[in-house]
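This report covers a ligand site and some local backbone features. Please look at the sequence and the structure first.

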Amino acid sequence: MSEMTERIAALERAAREAIDAAATTLELEDARVSHLGRRAPLPNLLRGVAELDPAQRAQVGRAANEARRALEEAIERRGGDLAQAELRARLIAEGVDVTLDADPLPAVGRLHLITQTRREIEDVFVALGYDVVEGPEVETVHYNFDALNHAPTHPSRLPTDTFYIDTGSGSPDIFAPDTPLLRVHTSPMQVRAMEAQPPPIYVIVPGRVFRPDSDATHTPQFHQIEGLAIDTDITLADLKGTLLTFARAIFGEQREVRLRPHFFPFTEPSVEVDVSCFHCTGGVTPDGQRCPLCKGTAWIEILGSGMVDPNVLLAVSDHGYDPERVQGFAFGMGIERIAMLKHGVPDLRLLYDNDIRLLEQF
Ligand code: PHE
């Protein structure tokens, strides 16, 4: 073998090594440029074949051409393999599994526990035929106290128990019927509802109420739902049956209610209503402990109520409420209290902190 053909063989070997070593199509292109490119040794050598003497020309030209063709084929083959492997890798990397679930949607908000509870209570009474009405949070002494049969000496009239509104004309006259205040209960709407429609009337009144109190079981603002039913032949038994239906709908079918004598200026007789504890039996938990919810008494107070005092009806007798002809009952409950009892919320203020960790639990 001539010196020239040996050189060609060496160039071909070097080129093959580079081709085999190329791990990507890019590296392969580099190998092609450096071994078969315009300035590479083998093409250079081919270009010089014409200057060789005729004896060598044919042999060297053939050897160099064959080497070039063989290398071009090798590049072609290797290039095909590398391109295919790269395509496969890309398809895997960029693959989308259309059978997978979509990312969950960001959580939407939810109703606050107080709103949920209010609606739940409203649903119970709407199913019993009650209308839902609302009234002003800024009330007057007349509606909040006088029309509800409060004696002038009733202690909740004191500014320590009621927010009076400073109208700019000196300290408010807490006995003038028109003096504005923040209602301390939803009961003023008993009077307003009766003024707005003659008997029979069955209404519930959800809304905000205000009292100057603040501790674990009192906030200066909270929510009540008032109930009022006036018709002919309504008795305390109707009140008890209605509240039993309510208690069972909210706290479970096994519940009982009991009435305890109490006093409210606008009902006579007045009662406090207890529901049988839904956390224990007879004040004792399943593991033999004194029940923490009812404090071992087996009963939990849920609301105040009573038969509407004839004096309240007399205050709206112009609107068709003759206490000789119609009578009825009223009740008022704290929405927060119902929610806390039902869901075991330990501190009333948690409902007003707007801490997402609490809100998300309901
Ligand atoms: N208004 C009373 C309170 O806030 C509750 C109540 C309402 C009692 C209706 C009797 C009748 O405590």
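This is a predicted model: local features need pLDDT of at least 70, side-chain atom pairs count only at pLDDT 80 or more; totals for chains, interfaces and linings use all residues.

Residues are numbered from 1 along each chain as its sequence is written, and side-chain values use heavy atoms, with hydrogens and water left out.

**Ligand site**

The ligand has 14 residues around it, and those that come nearest are His185, Ser187, Arg211, Gln224 and Glu226. A residue counts as near if one of its heavy atoms lies within 4 Å of the molecule. The table lists polar contacts, meaning pairs of N or O atoms within 3.5 Å.

| Side chain | Ligand atom | Distance |
|---|---|---|
| His185 | nitrogen | 3.0 Å |
| Ser187 | nitrogen | 2.9 Å |
| Arg211 | oxygen | 3.0 Å |

Taken alone, the ligand exposes 330 Å², of which the protein buries 89%; accessible areas come from the Shrake-Rupley method with a 1.4 Å probe. Strands β5 (221–231), β8 (299–308) and β9 (327–334) each give two or more residues to the shell around the ligand. The largest share, three residues, comes from β9. Strands here are DSSP runs of E with at least two residues, and helices are runs of H or I with at least four, numbered from the N terminus. By residue class, the shell holds four nonpolar, eight polar and two charged residues. In this scheme Ala, Val, Leu, Ile, Met, Phe, Trp, Tyr, Cys and Pro count as nonpolar, Asp, Glu, Lys and Arg as charged, and the others, Gly among them, as polar.

**Salt bridges**

Side chains of opposite charge can pair when their charged atoms come close. The whole structure has 14 salt bridges, each a side-chain nitrogen of Lys or Arg within 4 Å of a carboxyl oxygen of Asp or Glu. One of them joins Glu122 to Arg118, with the closest N and O atoms 2.9 Å apart. Both residues are in helix α5 (residues 113–127), and because they are four residues apart, about one helical turn separates them.

**Backbone**

Most residues other than glycine have a negative phi, and most peptide bonds are trans. Pro199 and Pro200 are joined by a cis peptide bond with omega about 0°. Pro200 is in the loop between α7 (188–196) and β4 (201–210). A cis bond also runs from Glu268 to Pro269, with omega near -5°; Pro269 lies in strand β7 (residues 267–276). Asp233, a residue other than glycine, has a positive phi near 60°. Asp233 is in the loop between β5 and α8 (236–251).

Methods
A polar contact is a pair of N or O atoms within 3.5 Å; within protein, one must be able to donate a hydrogen and the other to accept it, and residues adjacent in sequence count only if both atoms are side-chain atoms.
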